[in-house]
Amino acid sequence: MSLVQLILPEIILVAVACGLFLLSGLSKTAGRRFSPWVALAALIAACLVLVDQASSPTAGSAHTDASGSIRVFEFAWYIRILTVVVAAILLLLAWPERFTLSGNDAIDYGDDAGEFFGLALLSISGVLLSASANDLILLFLALELTSIPTYIMVATTRPLASAQEAGVKYFFLGALAAAIMLFGFSYLYGTTGSIKLWSYTDASGAHVRGITEILAAANAAGALNPWQVTAVIFLLVGFAFKIAAVPLHYYVGDVYEGAATPVTAFLAFIPKTAGFVAIVQILYAVGGPNLIFPASICKLLWWMAVLTMTAGNVLGLLQQNVKRVLAYSSVAHSGYMLVGLTTLAQAPSAAAKTDGLRGVLFYLAAYGISNAAAFAVLIMLPARTLAYTTEETLLPNQRRAMTAETFDDIAGQGRRHLGLGLCMAVACFSLIGIPLTVGFAGKVMLIAPALSGRTSALTGLAIITMINAAIAAAYYLRIVGNLFLRPAPEAAGHPHPTHAVIQRPFAVLAAIAISTAVTLILGTIPQATNTLSTVARTSTQLGQQPNAEAMPCQINAQARAD
């Protein structure tokens, strides 16, 4: 395939985003009226192109352009299609009301609808590009293309001081993470002399060695040198910001609470996906054909998984705001997916390593769908308590942020809006990992490879994961309990504000219906679950696979020889 064919989906999204910027600049009315439809059409077009390319007879082999900057393979097909599908659902959450066209009760982008949907498309295109990047510079630019538009989306889509504060916090910690990533990329380039992740054949037919081949030779000679290990450690810490993992998870609570709910749902999946894609790319480049890693990297992944899931669940128990609960649960789910990556690094067999990555890819889909359903239900429920003292203190545009956020807001709403309450219950049960939901299958696919590894470190990690899943059940069931069991505040003398009348855009209802249905179908129909599992397993083929049973983490050449 030519370069244009390889990145045609990204070209479509970026071109449409630029068109939306121009449209909004020329006519604010046209921008508000047509922007969401144009953005959704762009995602559908990109998805059709991806499906067509992925179903071609040559899709099973890696495709690299002449410069070696783009490399598309099974893993990239999976991530790009999954991202576009989930992003289309997330886009529905920000769909404007029928009459105002400047947002809905959960989000207010005013006359800047074109800019908002354009920024969303740019962020989505960054995820797609990160999955196919074969160049350290391009990978970094793709990650920043994913993040920078979200800084603006957080700060500009809610006329509240907390939203601007969230945008500033998010931006500055993002700048810190970018600096750490660049430091790691510079060391990786300096110790290998290459910016290409995988080797390729250039236009003249010459073989160009990539980082994977260079580090594989270093592994064969004994071990990675300390500078190469340092590079990987800095990269993992920098990527932790994208996936909201320890130690760069501090922004999550304030940013997720301050942002408009549709933007929060967007943050919970799009940057996280890009971060995990980058981690997988680097791990495969560093581990070589047999995925052998230094002990220090294995230990770092193990501790990141444990601390991330534990910190996310413990902090989730302490929150009084539902969005903050879902924020810290997002941290915990990153920890669960890090379990799969730890299995990829530490498991003693090639099969267990492949199953570990398959679990991550499956769980990413399960989390994205279930989490979208949870946030979508919050958008459809009205807020009962306001952050303003009197009606006179409300500005006209501030009345738009009127959707549920606190436990008081959702108290008793499950009985009043039974359908929405049941959809939230399904989403929470899936996020817990209760059987008959896709979340249960996802957790099994993460834990089973760790147990099959039959090492004390991985067995302990699997046990800690199950304990954390039980802890998470407390705050998810608290959400369900407030919806159905807690008396409504009206009964306690707290009347519902008369101006908090929630419009019900059909698009948001469609997003709830789709995400809830998929959550149940993938959890109750074995054929559907097996199909996604098979696709995820096929997508673990990033390049040359182990031709023998892979070895566990080693620390010296003698241990490898033994």
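Phe75, Tyr78, Ile79, Leu82, Val86, Ile89, Leu90 and Leu93 of helix H4 are in contact with Leu361, Phe362, Leu364, Ala365, Gly368, Ile369, Ala372, Ala376 and Ile379 of helix H14, where contact means heavy atoms within 4.5 Å. By class, the residues of this contact are 16 nonpolar, one polar and no charged. Ala, Val, Leu, Ile, Met, Phe, Trp, Tyr, Cys and Pro count as nonpolar, Asp, Glu, Lys and Arg as charged, and the others, Gly among them, as polar. The axes of H4 and H14 are 10 Å apart, and the two helices pack at an angle of about 5 degrees. H4 is therefore roughly parallel to H14. Axes are lines fitted to C-alpha atoms, for helices over the stretch in contact, and angles run from 0 to 180 degrees between N-to-C directions. Angles under 35 degrees count as roughly parallel, over 145 as roughly antiparallel, 65 to 115 as roughly perpendicular and the rest as oblique.

The model is predicted: local features need pLDDT of at least 70 and side-chain atom pairs count only at pLDDT 80 or more, while totals for chains, interfaces and linings use all residues. Residues are numbered from 1 along each chain as its sequence is written, and side-chain values use heavy atoms, with hydrogens and water left out.

The chain contains 22 helices and six strands; helices (H or I, at least four residues) and strands (E, at least two) are DSSP runs, numbered from the N terminus. Of its 562 residues, 62% count as buried, that is, under 20% relative accessible area, with exposed over 50% and partly exposed in between (1.4 Å probe, protein chains only). Among contacts between residues at least 6 apart in sequence, 79% join residues at least 24 apart.

Helix H4 (residues 74-93) also packs with helix H3 (residues 28-54), their axes coming within 10 Å and crossing at roughly 160 degrees. H3 and H4 are therefore roughly antiparallel. The crossing of H3 past H4 is left-handed, meaning that the near helix is turned anticlockwise from the far one by less than a right angle; clockwise would be right-handed. On the H3 side the contact includes Pro36, Ala39 and Leu40, and on the H4 side it includes Trp77, Arg80 and Ile81. The residues of the contact of H3 with H4 are 16 nonpolar, one polar and one charged.

Helix H14 (residues 350-380) likewise packs with helix H17 (residues 418-432): the axes come within 9 Å and cross at roughly 150 degrees. H14 and H17 are therefore roughly antiparallel to each other, and H14 passes H17 in a left-handed crossing. Among the residues that meet are Tyr363, Tyr367 and Ser370 in H14 and Leu420, Cys423 and Met424 in H17. The contact of H14 with H17 comprises 12 nonpolar, three polar and no charged residues.

Two individual residues were also examined. Asn313 lies in helix H12 (residues 295-317) and counts as buried because its relative accessibility is 0%. Its side chain is joined to that of Tyr475 by a polar contact of 2.6 Å. A polar contact is a pair of N or O atoms within 3.5 Å; within protein, one must be able to donate a hydrogen and the other to accept it, and residues adjacent in sequence count only if both atoms are side-chain atoms. Leaving aside neighbours within four places in sequence, Asn313 is in contact with Tyr328, Ala332, Tyr336, Asn468, Ile471, Ala472 and Tyr475.

Gly460 is located in helix H19 (residues 456-484). Gly460 counts as partly exposed, at 24% relative accessibility. The C-alpha atoms of Gly460 and Trp302 are separated by 10.0 Å, and the two residues are 158 residues apart along the chain.
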